[in-house]
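Subject: Structure handover

Hello,

Here is the structure I said I would pass on, with my notes below it. Please read the notes with the coordinates open.

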Amino acid sequence: MTLNATVGDDTWATVERLKDWLDAEDNATPQQARLLRLLKVQEEVGEVAQAAMGAANANPRKGNSHTWEDVQHELCDVMLSSMVALLTLTPDAAKVFQERLDAVAERSLT
C-alpha cells in the first residue's frame, strides 16, 4: 500500500485556522475549551462505532443504515477532532505528533 498524501504544514495550518475559529466562536474559557475538545474526540469515536455497525448491518432495528464510506468520513472526523484538541493543548502539536509517530514506528517497525 502506498499513500500519496502526507500530513504536512498545510494540514496543520488548516487545523490551526479551525482551532482559531472555534476559539472565536464558542463561549468557553480556555480550560473549558480543552475539556470540550477532548470530549469531542470521544463523541466522534462513538459516531465511528455507529457508522461501522450500520455498515455491517449489525443493528436489526436500523438495518444497513451506513456505508463503509460513512465510516471513513467518521474516522476523519476523529482524526481532525484529535488534531484540534492536540493543538488546543500545545502550540507544538505538529512536532508532538511527529515525535509520537516516530516513537511508535521505531518501536513497532524495527
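How many residues apart in helix α2 are Lys-40 and Glu-43? Three, and that spacing puts about one helical turn between them. The two form a salt bridge, with the closest N and O atoms 3.3 Å apart. Both ends are partly exposed: Lys-40 has a relative accessibility of 33%, and Glu-43 has a relative accessible area of 41%.

Before the rest, note that this is a predicted model. Local features were taken only where pLDDT is at least 70, and side-chain atom pairs only at pLDDT 80 or more.

Overall layout

Along the principal axes, the C-alpha atoms fill a box of roughly 45 × 45 × 25 Å. Of the 110 residues, 21% count as buried. The accessible surface comes to about 8200 Å², and carbon and sulfur atoms account for 57% of that. If you take the contacts between residues at least 6 apart in sequence, 53% of them join residues at least 24 apart.

In soluble globular proteins, nonpolar side chains tend to be buried together. Here the largest nonpolar core has six residues: Trp-12, Val-15, Met-83, Val-84, Leu-87 and Ala-93. Two elements give two or more residues to this core, namely α1 (9–25) and α3 (68–89). The largest contribution is from α3, with three residues. A second, separate core has five residues, among them Val-48, Ala-51, Ala-55 and Val-78.

Leaving aside neighbours within four places in sequence, Val-15 is in contact with Leu-80, Met-83, Val-84 and Leu-87.

The aromatic pair

The structure holds one aromatic pair. The rings of Trp-12 and Phe-97 have their centres 6.3 Å apart, and their planes meet at 55°, so the pair counts as tilted. Distant parts of the chain are linked by this pair: Trp-12 is in helix α1 and Phe-97 in helix α4 (residues 93–109), 85 residues apart. Trp-12 is buried, at a relative accessible area of 10%, while Phe-97 is partly exposed, at 38%.

Salt bridges

Side chains of opposite charge can pair when their charged atoms come close. There are seven salt bridges in the structure, and besides the Lys-40 and Glu-43 pair I went through two others.

Asp-23 forms a salt bridge with Arg-37, and the closest N and O atoms are 2.9 Å apart. Asp-23 lies in helix α1 and Arg-37 in helix α2 (residues 30–55), so this pair ties together parts that are 14 residues apart in sequence. Arg-37 counts as buried, because its relative accessibility is 6% and the cut-off for buried is under 20%. Asp-23, at 35%, counts as partly exposed. Both residues also belong to a network of salt bridges that links Lys-19, Asp-20, Asp-23, Asp-26 and Arg-37.

Glu-99 forms a salt bridge with Lys-95, where the closest N and O atoms are 3.7 Å apart. Both residues lie in helix α4, four residues apart, which is about one turn of the helix. Lys-95 is exposed, with a relative accessible area of 52%; Glu-99 is partly exposed, with 44%.

Is Glu-44 buried or exposed? Glu-44 is buried, with a relative accessible area of 5%. This residue is found in helix α2. Apart from neighbours within four places in sequence, Glu-44 is in contact with Glu-74, Asp-77, Val-78 and Ser-81. One of these, Val-78, also belongs to the second core.

Regards

Notes: Residues numbered from 1 in each chain as written. Heavy atoms only, no water. Core = buried A, V, L, I, M, F, W, Y, C linked by side-chain atoms within 4.5 Å. Buried < 20%, exposed > 50% of the residue type's maximum accessible area, 1.4 Å probe, protein only. Contact = heavy atoms within 4.5 Å. Phe/Tyr/Trp six-rings, centres within 6.5 Å; stacked < 30°, edge-to-face > 60°. Areas by Shrake-Rupley, 256 points an atom, 1.4 Å probe, with all protein chains shown as cover. Salt bridge = Lys/Arg side-chain N within 4 Å of Asp/Glu carboxyl O.
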